[in-house]
Each structure stands twice: as structure tokens, then as C-alpha cells.
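Reader: I am new to this structure, and I would like to understand the words used to describe it. Could you go through them with me, setting each word against the value behind it?

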Amino acid sequence: MIEKTIRCPSCKNQLTINGNPGDKIQIICPSCNSKGVFTFPHEESFLSESNPIQVLNLTKKFNNFIAVNNISFSVKAGEIFGFLGPNGAGKTTTMKAILSLINTNSGQIKINGISIHKDPKVAHKYVGYLPERIAFYDNLTALQNMYFYADMKNTPKGECKPLLDEMGLGGALDKKVGKFSKGMQQRLGMACALIGSPPILVLDEPSGGLDPRGVALIRKKIREMKSKGTTVFLSSHILSEIQEVCDRVGIIDKGVLVAQDSVSKLSEKLKLKPKITIELEQISNEVVEAVKKVQGVEKVDVKGKNIDIICDPKSKSKVILAVEKAGGSVINIQTKEPSLEEVFLKVTGE
């Protein structure tokens with residue numbers, strides 16, 4: 001029997017349900033009476049060795065505070081999985097649990113099919129880690145710090161200089177890290193995480209403290225690692241970064257995993273609607289009223305020669321047809337799909 005904490009998508013009320021893997025549970029929210037169905041995932045879908053990272057029923061408490069509440073998810077081979085949540089939601093706690101840097105109260109975690117509880121040293125040989133707060137030996141140079149990490153990973157030191165060059169630190173090899181800026185330390189941390197070409201990368205706020213050029217560099221490197229088959233699990237407060245590079249996202253709020261899927265599928269589930277911007281040669285009241293009458297149109301705004309329309313995806317063609325029938329001459333059409341920020345705000349109730 002699995003115990004699962006879920007959140008009502010309508011009123012955000014939190015409730016606990018129980019069931020076995022594969023069970024479909026009919027749910028009526030006791031707060032708002034909304035009805036829904038929850039399907040308990042099959043355990044093997046999480047603890048399959050084909051998934052490089054598997055987390056099942058993870059719970060972590062600090063005294064009486066539940067930081068992570070019975071969450072389950074898996075990261076597929078070769079994908080970039082983004083982990084989102086407000087401050088204090090449980091992101092870093094989850095990452096530290098995956099890396100066995102903290103003890104957990106319950107749950108199973110496997111890296112490449114190896115339990116981190118039974119054999120953590122073997123499991124973490126597969127992982128390169130960039131923590132949110134990086135610590136180096138300030139009195140050593142960038143290259144000396146890299147050599148230290150290469151020795152720890154039993155990796156040839158010949159990898160170190162090329163990695164520093166890739167991270168834009170080729171001109172600072174012999175500079176002491178104590179004189180590095182936050183952005184330079186972040187790049188050095190990324191270089192250290194890449195030592196030994198690990199098949200799994202765990203990156204906690206990889207763009208923290210970086211300027212736009214540094215952000216672009218890290219993003220490029222993440223994509224490059226994915227192209228080589230590396231599995232990437234990353235957290236970030238920069239929603240545009242997650243939307244730009246991630247195949248799937250998981251959203252955690254107050255210790256509960258409230259959503260996980262691709263951005264487009266989450267948008268569909270949450271019924272977020274795209275915005276169409278139609279540029280016309282001239283806007284008339286007849287055109288505006290015709291658009292408002294189209295079934296599925298939620299909102300219409302007129303800005304100069306543009307009409308901004310929020311509507312159901314299936315109504316887009318009907319909107320354009322209505323404009324033309326009302327005498328509107330279309331110059332340009334743009335569609336903006338729901339953003340990750342909208343998904344995030346919807347599921348976290350902010």
C-alpha cells in the first residue's frame with residue numbers, strides 16, 4: 001500500500017490518499033467538492049534500471065517539519081529534467097537525498113539501478129554534481145582545485161585544462177580561486193562536475209551568479225552533454241532557462257510534487273490557453289465583436305492595429321475565419337503558447 005499526498009487543482013487543498021501501484025482512485029475534494037481521478041504509478045516504472053534516476057516515496061523530515069512529503073519520480077536516460085519550486089519547497093533537500101548527503105525518513109532511491117542506501121559509493125560514481133553553494137580551496141588556483149577533484153574521482157588530470165577552457169577560464173588557470181568572482185566560481189564548479197564525463201549530472205541552480213554570457217555558456221554545455229547521452233537533473237529559479245533546455249519538468253511545492261510532465265502537456269492538463277495576436281490593416285468594432293462571439297474565446301484586447309485574443313487551442317482557426325468574415329484584412333498572425341511561468345504559478349497557487 002502506497003500513501004500519497006496530493007493537491008486539489010481547483011482549491012489547492014492538500015489531502016492524503018492510499019492505494020496500490022496501478023490503482024485508480026476516485027477523489028472528491030472535501031474542501032471544494034471537485035471530482036477527479038488519481039492513478040498510482042506502477043512501482044516498476046520508477047525502479048526500472050532503464051531510468052538512471054528513480055525516486056519512490058521519498059520523505060524527509062526536520063524535527064516536526066516535513067521538507068519532502070512522499071514524492072516519486074524518475075528521470076529517463078538522456079533527458080534533461082527540470083526541478084522547480086518556490087523557495088523552501090524541497091528542491092535542494094531532494095537533490096541532497098538523491099546524493100545521500102542527508103539521511104531520509106523513508107523511500108527508495110536508485111542511481112543506474114543501484115540503491116544509494118545499500119551502495120552509495122558505487123551509485124555516485126556515475127554522478128557529476130554542482131551544488132547551489134560551491135566550496136573551493138581559496139588558496140589554490142583554479143587548476144590546482146581541478147587536480148584535487150580529478151584525484152578524488154580517479155580521473156586523468158589531462159582533462160582539467162580543456163574543461164577550464166570550455167568554461168571560459170583558460171586565462172585564469174593559475175589564479176587563486178579566492179580572488180574569483182561568483183560567476184567565475186560557478187563556471188569552475190561546472191567544470192568540476194564534468195570531470196570524468198559522468199553519465200548523470202545533478203545541477204543545483206547552475207546559472208546562479210552568472211552574467212548573460214555565462215548563462216548562455218552553461219546552457220550550451222548542458223545541451224552538448226545531452227547530445228552525448230548524458231542524463232541531466234537540474235533545479236533553477238530561472239523559468240526561461242528551464243523552458244529553454246528541459247524535456248520534462250517536475251514542480252514541487254511545500255514538499256509535495258504537484259506536477260510532472262512536459263510544459264505543453266502540463267498546459268493542456270491545466271487548461272492554459274494560448275494567446276493569438278492578429279495584426280490588421282484596420283480594426284473595426286464589427287471585427288472585435290465577431291471575435292468575442294466565437295466559442296472558446298476568453299479575452300479580447302485591442303492594441304493599435306493588433307487584437308490580442310486568449311482562446312482555446314481548437315478555436316484559433318474559428319477566430320481567424322470570424323475576422324475575415326467581419327471584413328478584417330489580416331497582415332500577420334502570431335501565437336504565443338502558455339509559458340512555464342504560467343504553469344508554475346497555476347500549480348503552486350501563487
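Author: What follows is a series of questions about the terms used for this structure, each answered from its values. Please keep in mind that the model is predicted.

Reader: What does the chain contain as a whole, and how much of it counts as buried?

Author: The chain holds 12 helices and 18 strands, and its C-alpha atoms fill a box of roughly 75 × 55 × 35 Å along the principal axes. Of its 350 residues, 48% count as buried. Among the contacts with a separation of 6 or more, 61% are made by residues 24 or more positions apart.

Reader: Why is S207 called buried?

Author: The relative accessibility of S207 is 4%, and buried means under 20%, so S207 is counted as buried. S207 is placed in the loop between β11 (200-204) and α7 (212-227). Leaving out residues up to four places away in sequence, S207 touches Q186, V215, I238 and E241.

Reader: What makes I310 partly exposed?

Author: I310 has a relative accessible area of 21%; since buried requires a value under 20% and exposed a value over 50%, with partly exposed in between, I310 is therefore called partly exposed. I310 lies in strand β17 (residues 306-311). Apart from its neighbours within four places in sequence, I310 is in contact with K273, P274, K275, G296, V297, E298 and K299. As for P212, which is 98 residues from I310 along the chain, its C-alpha atom is separated from that of I310 by 32 Å.

Reader: Which class does I17 belong to, and how do you know that?

Author: I17, in strand β2 (residues 14-19), has a relative accessible area of 9%, and because the limit for buried is under 20%, I17 is buried. I17 and I6 are 11 residues apart in sequence, and their C-alpha atoms are 7.6 Å apart in space.

Reader: What is the phi of N112, and why is N112 called partly exposed?

Author: N112 is not a glycine, yet it has a positive phi of about 50°. N112 is found in the loop between β8 (106-111) and β9 (114-115).

Reader: Why are α4 and α6 called roughly parallel?

Author: Helix α4 (residues 142-152) and helix α6 (residues 182-193) pack at an angle of about 30°, and their axes are 10 Å apart. Angles under 35 degrees count as roughly parallel, so α4 is roughly parallel to α6. The crossing in which α4 passes α6 is right-handed.

Reader: Which residues make this contact, and how many of them are nonpolar?

Author: From α4 the contact takes A142, M146 and Y149, and from α6 it takes L188, A191 and C192. These residues divide into six nonpolar, no polar and no charged.

Reader: How do you know that the buried residues of α11 line one face of the helix?

Author: In helix α11 (residues 316-325), the residues V319, A322 and V323 are buried. Seen down the axis of α11, the buried residues fall within an arc of 100°, so they line one face. S317 and K325 are exposed on the other side of α11. The buried residues of α11 pack against β15 (275-280), α10 (285-292), β16 (297-303), β17 and β18 (330-336). After α11 comes G327, whose phi is positive, near 95°.

Reader: What makes the buried residues of α12 line one face of that helix?

Author: In helix α12 (residues 340-348), the buried residues are L340, V343, F344, V347 and T348. Down the axis of α12 they fall within an arc of 110°, so they line one face of the helix. In general, an α-helix has 3.6 residues a turn, so residues three or four places apart point the same way.

Conventions. Residues are numbered from 1 along each chain as its sequence is written. This is a predicted model: local features need pLDDT of at least 70, side-chain atom pairs count only at pLDDT 80 or more; totals for chains, interfaces and linings use all residues. Side-chain values use heavy atoms; hydrogens and water are left out. Buried means under 20% relative accessible area, exposed over 50%, partly exposed in between (1.4 Å probe, protein chains only). Helices (H or I, at least four residues) and strands (E, at least two) are DSSP runs, numbered from the N terminus. The arc is that of the directions from the helix axis to the C-beta atoms. Axes are lines fitted to C-alpha atoms, for helices over the stretch in contact, and angles run from 0 to 180 degrees between N-to-C directions. Angles under 35 degrees count as roughly parallel, over 145 as roughly antiparallel, 65 to 115 as roughly perpendicular and the rest as oblique. A crossing is left-handed if the near helix is turned anticlockwise from the far one by less than a right angle, and right-handed if clockwise. Contact means heavy atoms within 4.5 Å. Ala, Val, Leu, Ile, Met, Phe, Trp, Tyr, Cys and Pro count as nonpolar, Asp, Glu, Lys and Arg as charged, and the others, Gly among them, as polar.
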